[in-house]
Amino acid sequence: MSKRRRAKSSIVRSRPGPARAGKALSGLVCACVLALGAFLGSSASAAAAEACPNETLRAENNSLKLPDCRAYEQVSPVNKEGVRAMGGTVTADGNHAIFLSDGAFAGAPRGGANPYLGTRTSSGWQTNWLQPALPSILTSSLLGFTVGAVNADGSRMLMQGDPLTTAAPGGDGTGGNGNLYIRDADGSMTSVTPLEPGIPRVYGGGAIIEPRATADLSHIVFADSQRLLNGPAAGLDANASGLYEWTNGALRFIDVDSSGALLNPYGALLGTNGNQTHAISSNGERIYFSTPYSTFPAPAPYGTKRVYLRQSGQTTTEISATQCTEPSCEGPEQDAVYQGASTNGSVAFFTSKAQLTNTATPGGGLYRYEVGSENLTLLTPDSTDPGGAEVQGEIANSDDGSIVYFVAKGVLAEGATAGASNLYVYDANTSSTSYIADFPPDGTGRRVAEATPSGRYLAIQTPGQILPGYDNAGHIELYRYDLATKAPPICLTCLPAGRPAAGDSTFASGGTSVNGNITDDGSRVFFQSNVSLVPGDSNGKIDIYQWHEGTLSLISSGTGSTDAWYGSATSSGSDVFFNSYDRLVPTDTDEQMDVYDARVDGGFPAPPAPPAGCVGAGCRTGAGGAPALAGVGSATFSGKGNPARAGKQNRCQKQTRKAKKLKQQAKRARNQARKAAGPKQAKHLRQKAKRLDHKAAQSTKGCTKKSAPAKGNARVTNHDRRGNR
């Protein structure tokens, strides 16, 4: 099962930060008008553009049809030496992105896969190659490095790859990816996987298994088939993977009890295989892990899977241990499987078929463990079936652990069907369980879902038929459930009545993962689809979409000749990263795949044209060469306020009319500020009025006797207009 929870952040109209939903009435008006424009054509788009502070930049960057005052920004560099840029994992602040290439550019001296960091500046995105220097014995290695985690501002990241010294695992020339490093802003690399003196290296460098880290990268937990430490780790079986924690520059072994003795010689794994959701608490002090973890099945008495909690590197508690004192609970030991936890680690969930409490029913199910009280509760009692509720697993839970979504075949609430893949939600605030819908696995055997931090909203993708009366013909559709109303899930991608399903809509490529697809407030869902869901999608290819409170809008062009692929988004939805071969902005002049950001209030001015007669690579800074894509918007729009194409008098007349219109808009904004519901909204509207007044003054520049800016009136750049981004 795939699931993801993220830290709380701001609304779409601003960059990630402390601001919350409902910040600006004008932003909501803008979003509504823009969504309507996607259906009504270019005239509506032009009207929507006039309501956006980045109107000119949106026009220059072919972005007039994007919703929410978004504009396209090319994240990957213009000159990629004929290779592709792929991926696009955005940092929490929205100003940095990690992406890969299948070749070398931006100073990379070697071929193969290369990782890059894109950093947003006031004039555009800058690219830095992240590959560190390798020992000469490994210069021909094609494995290279990957980025496993990055902090909020992109200054620190966890990297995995080839050894940097001959003493590291694989440094003897065998190479491998059994090395973890912390890369700091100055490019220095600190080893997370050093070998303690006297320990032999594993041929090939060992295998790092699913490393995870806290948001600030102060705590890193990973399993490794290479023994890294002496002491208890020396007792591991040759086929086992040891579990380690790196913190404050020190490496310590985790698979031990409170006295420091080895728990299981057949290894351990963070969370459980394939699921590390919140297995490390936000401050790194609580770590949930499972034993055993070995290449081959562990023999008795070590073979039963158990779930443990390690706290502050000092105490270990088996949370899956029985608390039942009744004879009826006696029976063979059963595996326990970690399912998830709250972000602070105070609550954890696991499944077991054993009766672990006096009130548990036969067959067990989904258990909830509270750290402070050590209270263990079966959330899925089923007295009608001796096999229990047959819980298939957790789907998602809220950040505080009070809400948990799960699938079970038993009937636990009204509306469920025995033997079906019943999706339920348990609310600890009311100690109640509610049925949501039938949620069968997809073709990969997985169930893909994502909850908001509060747990109120759940976004799911499924080939199951959830919407009554709609035949999806086995295609994958996306739905959103609202716990506050407990109404049946609404379909975000189902075609209108009478139109048969024509393809799949998924969260990501392959449809098996989520990566910021639903915003923290639940109002927006981002996805990709090969179905034409709006009139502007005419290419029959995979395109990127936004669903916002019932309105669908294109994020990619919808008119390009190739597929686009979703990358990730900030938790507020202010930035949506995706991959496309389309030349979406004038600076994109090649035919290779690029990483793009559809950014709220974004866009960059076109660079100056090269001098007349300039030829060669040094002349590539100009904006020429990239035609505007049909359906994305054009570089100009019709209507009042467009500059005249000839004649200074005619030009000045139109600029004067435009200035008058901008001043009227500024006046309206000031009036709205006086009537605003709160100081934050009033401040936003006053700032908007100030920007409009400035644009009005600039629009008549060159047409008045006193056209120079007033003393001290600095030019407002695109960066300034967005404030502190």
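Biologist: Is Cys-69 buried or exposed?
Modeller: In this predicted model, Cys-69 has 0% relative accessibility and therefore counts as buried.

Biologist: And which residue does Cys-69 form a disulfide with?
Modeller: Cys-69 forms a disulfide with Cys-52, the two sulfur atoms lying 2.2 Å apart, and the link is left-handed, with -80° about the S-S bond. Cys-52 sits in the loop between helix H2 (42-50) and helix H3 (55-60), while Cys-69 sits in the loop between H3 and strand E1 (70-74), so the pair ties together parts that are 17 residues apart in sequence. Cys-52 counts as buried too, because its relative accessibility is 3%.

Biologist: How many disulfides are there in the whole structure?
Modeller: A search of the whole structure gives three. One of them joins Cys-324 and Cys-329, with sulfur atoms 1.8 Å apart, and this link is right-handed, with 65° about the S-S bond. Another joins Cys-491 to Cys-494, at 2.0 Å from S to S, and both of these cysteines are buried.

Biologist: Switching topic, what order do the strands take in the open sheet with E6?
Modeller: The order is E6-E7-E8-E9, with antiparallel pairing. Strand E6 (145-150) and strand E9 (189-191) each have a single partner strand, so one side of each is left without a neighbour in the sheet.

Biologist: What stands opposite Val-147?
Modeller: Met-159 in E7 does, and E6 and E7 (residues 157-161) pair over five bridges.

Biologist: Where does pLDDT stay under 50?
Modeller: Residues 2-49 stay under 50, and so do residues 620-648, whereas the protein chain averages a pLDDT of 81.

Conventions: Residues numbered from 1 in each chain as written. Predicted model: local features only at pLDDT ≥ 70, side-chain atom pairs only at ≥ 80, totals over all residues. Heavy atoms only, no water. Pairing = 2+ DSSP bridges. Helix = DSSP H or I, 4+ residues; strand = E, 2+ residues; numbered from the N terminus. pLDDT = per-residue confidence, 0-100. Contact = heavy atoms within 4.5 Å. Disulfide = S-S within 2.5 Å. Buried < 20%, exposed > 50% of the residue type's maximum accessible area, 1.4 Å probe, protein only.
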